[in-house]
Amino acid sequence: MTPDWLQPLLDTRRLRAVPASTFLQRQGEKQNVFFWLKEGIARAVYHSEQGGERIKEFYFPGECCFLYLNWLMGNAADYSLQMLTDGVVAEVPLSELDKEKNAPARLALLTQQVMYKEKKEQMFLLNNPQQRWQYVQENFPDWEALLAQKDLASYIGISAVSLSRIRGRLNKG
């Protein structure tokens, strides 16, 4: 169900299907829109010059998908936004969030993001890798079935091999 504060932003937007692996936003490009995911899963991912990648966050159906810091600063995207699965999205110009009539949406999005970021920072600062994995399992129980192990490992700041070892130890438990 779409929150009341978001519905006015979506009322005039057309939905479009996007296949898995599609880049909604490329790292280094100006971000002009945010995406609302009706269906599918997306990720914010940093691609290094050496070919590595780091997952910043995941987006699921019913969520708004965009880079908050780049929106607030007005600079180029630090991450790419990429579909992990086939999906359906609506595009909303970020300029809509600057309009007074959309202040409730802007406040709701910022509040949601601050809470998410505080929880993630706490997860990283207060936990070792095994505890971070257990945090993900407890707080996001569906993720293990929906996301690739390499993406989950990147999200918690470890390699896929390290995550495999942690999972093995915990399963022996």
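Which residues does I156 touch, not counting residues up to four places away in sequence? I156 touches M123, F124, P129, R132, W133, V136 and L163, where contact means heavy atoms within 4.5 Å.

## Basis of the model

This is a predicted model, in which local features need pLDDT of at least 70, side-chain atom pairs count only at pLDDT 80 or more, and totals for chains, interfaces and linings use all residues. Residues are numbered from 1 along each chain as its sequence is written, and side-chain values use heavy atoms, with hydrogens and water left out.

## Nonpolar cores

A nonpolar core is a set of buried Ala, Val, Leu, Ile, Met, Phe, Trp, Tyr and Cys residues joined through side-chain atoms within 4.5 Å; buried denotes under 20% relative accessible area with a 1.4 Å probe, protein chains only. The largest such core has 18 residues, and W143, Y155 and I156 have the most contacts inside it. Apart from it lies another core, of 15 residues, including L6, L10, W71 and L97.

L6 counts as buried because its relative accessibility is 0%. Its contacts, not counting residues up to four places away in sequence, are F34, W36 and C64. The C-alpha atoms of L6 and C64 are separated by 9.3 Å, although these residues stand 58 residues apart along the chain.

## Pocket linings

By class (Ala, Val, Leu, Ile, Met, Phe, Trp, Tyr, Cys and Pro nonpolar; Asp, Glu, Lys and Arg charged; the others, Gly among them, polar), the lining of the largest pocket has eleven nonpolar, three polar and two charged residues. The lining of the second largest pocket comprises seven nonpolar, two polar and three charged residues.

How values were computed:
Buried < 20%, exposed > 50% of the residue type's maximum accessible area, 1.4 Å probe, protein only.
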